[in-house]
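This briefing describes how one protein model is put together. Look over the sequence and the structure before reading the points.

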Amino acid sequence: MSRVGKAPVQIPSGVTVTTNGNVVTAKGPKGEVSQVISPDMQISVDGGVLTVNRPSDSKSHKALHGLTRSLINNMVIGVSTGHKVSQELVGVGYKVSNQGQLLDFTLGYSHRIMLEVPAEIKVTTETVKGKNPTIIMESADKQLLGQIAAKIRSFRKPEPYKGKGIRFTGEVLRKKAGKSAAK
């Protein structure tokens with residue numbers, strides 16, 4: 001049996017998980033998140049503990065078992081404590097600012113890049129002298145948060161020689177030596 005799939009999901013107080021057909025909805029203090037899951041997976045809630053069961057040991061059911069449990073666990077964590085992603089801009093002249101949900105990037109291109117962040121994500125930017133500009137995003141929906149973070153990173157991926165670009169805070173990059181090391 002799947003180690004991830006058979007692990008129960010603890011539902012904290014203040015969070016409710018409901019199922020309507022193959023749609024699972026979690027509500028909590030940080031918001032509400034819904035996820036469509038496979039109709040084959042069976043979900044049962046017993047007094048603050050949610051379990052996911054699969055109907056057979058076929059390869060497709062084994063694959064969906066752990067996935068379904070992980071998706072539901074991420075929903076429960078998101079609506080109770082929330083998910084947070086922090087990214088920093090490394091490079092001379094790289095800047096970011098926000099007006100509400102609109103992010104304005106200056107990344108060394110001939111133009112500025114504007115990105116409208118969905119309303120489900122709370123976004124803040126920090127610019128402190130002597131440190132890299134930082135974008136902090138918080139949301140109950142981990143999937144949406146990761147998608148927006150990946151989109152922001154794609155504007156200027158970290159390059160392997162100097163390390164300039166947009167990276168996640170705390171991310172370790174492998175740097176290459178460059179052509180002078182070949183001599």
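Predicted model: local features only at pLDDT ≥ 70, side-chain atom pairs only at ≥ 80, totals over all residues.

Residues are numbered from 1 along each chain as its sequence is written, and side-chain values use heavy atoms, with hydrogens and water left out.

**Terms**

- Helices (H or I, at least four residues) and strands (E, at least two) are DSSP runs, numbered from the N terminus.
- Buried means under 20% relative accessible area, exposed over 50%, and partly exposed in between (1.4 Å probe, protein chains only).

**Nonpolar cores**

- A nonpolar core is a set of buried Ala, Val, Leu, Ile, Met, Phe, Trp, Tyr and Cys residues joined through side-chain atoms within 4.5 Å.
- The largest such core has 21 residues, and L89, L103, F105, L107, I135, M137 and I152 have the most contacts inside it.
- Two or more residues each come from strand 7 (83–90), strand 9 (102–106), strand 10 (113–116), strand 12 (134–139) and helix 3 (142–155).
- Helix 3 gives the most to this core, namely six residues.
- Another core, of 16 residues, lies apart from it and includes V9, V24, L50 and M75.
- In soluble globular proteins, nonpolar side chains tend to be buried together.

**Strand 12 and M137**

- Five of the six residues of strand 12 are buried, so this strand is largely enclosed by the rest of the structure.
- Strand 12 runs antiparallel to strand 7, joined by six bridges, and V85 stands opposite M137. (Two strands pair if DSSP finds at least two bridges between them.)
- Strand 11 (122–126) also pairs with strand 12 in the antiparallel sense, over five bridges, and here V123 has M137 as its bridge partner.
- Beyond its neighbours within four places in sequence, M137 is in contact (heavy atoms within 4.5 Å) with residues including V85, V123, L145, I148 and I152.

**The sheet with order 1-6-5**

- Three strands form this open sheet, and the pairing is antiparallel.
- Strand 1 (9–10) and strand 5 (42–46) are at the edges with a single partner strand each, so one side of each has no neighbour in the sheet.
- Five bridges join strand 5 to strand 6 (49–53), and V45 has L50 as its bridge partner in strand 6.
- Helix 2 (59–80) packs on this sheet and touches strand 1, strand 5 and strand 6; its direction makes about 155° with that of strand 6. (Axes are lines fitted to C-alpha atoms, for helices over the stretch in contact, and angles run from 0 to 180 degrees between N-to-C directions.)

**Helix 2**

- Helix 2 has 22 residues and reaches 33 Å from its first C-alpha to its last, close to the 32 Å expected (1.5 Å times one less than its number of residues).
- Its buried residues include H61, I72, M75 and V79.
- G82, which follows helix 2, has a positive phi, near 90°.

**The sheet with order 2-3-4**

- This open sheet of three strands also has antiparallel pairing.
- Strand 2 (16–20) and strand 4 (31–36) are its edges, each with a single partner strand, so one side of each lacks a neighbour in the sheet.
- Strand 3 (23–28) pairs with strand 4 over six bridges, and T25 has S34 as its bridge partner.

**A loop residue**

- G130 is in the loop between strand 11 and strand 12, and G130 is exposed, with a relative accessible area of 81%.
- G130 and S56 are 74 residues apart in sequence and 58 Å apart in space, C-alpha to C-alpha.
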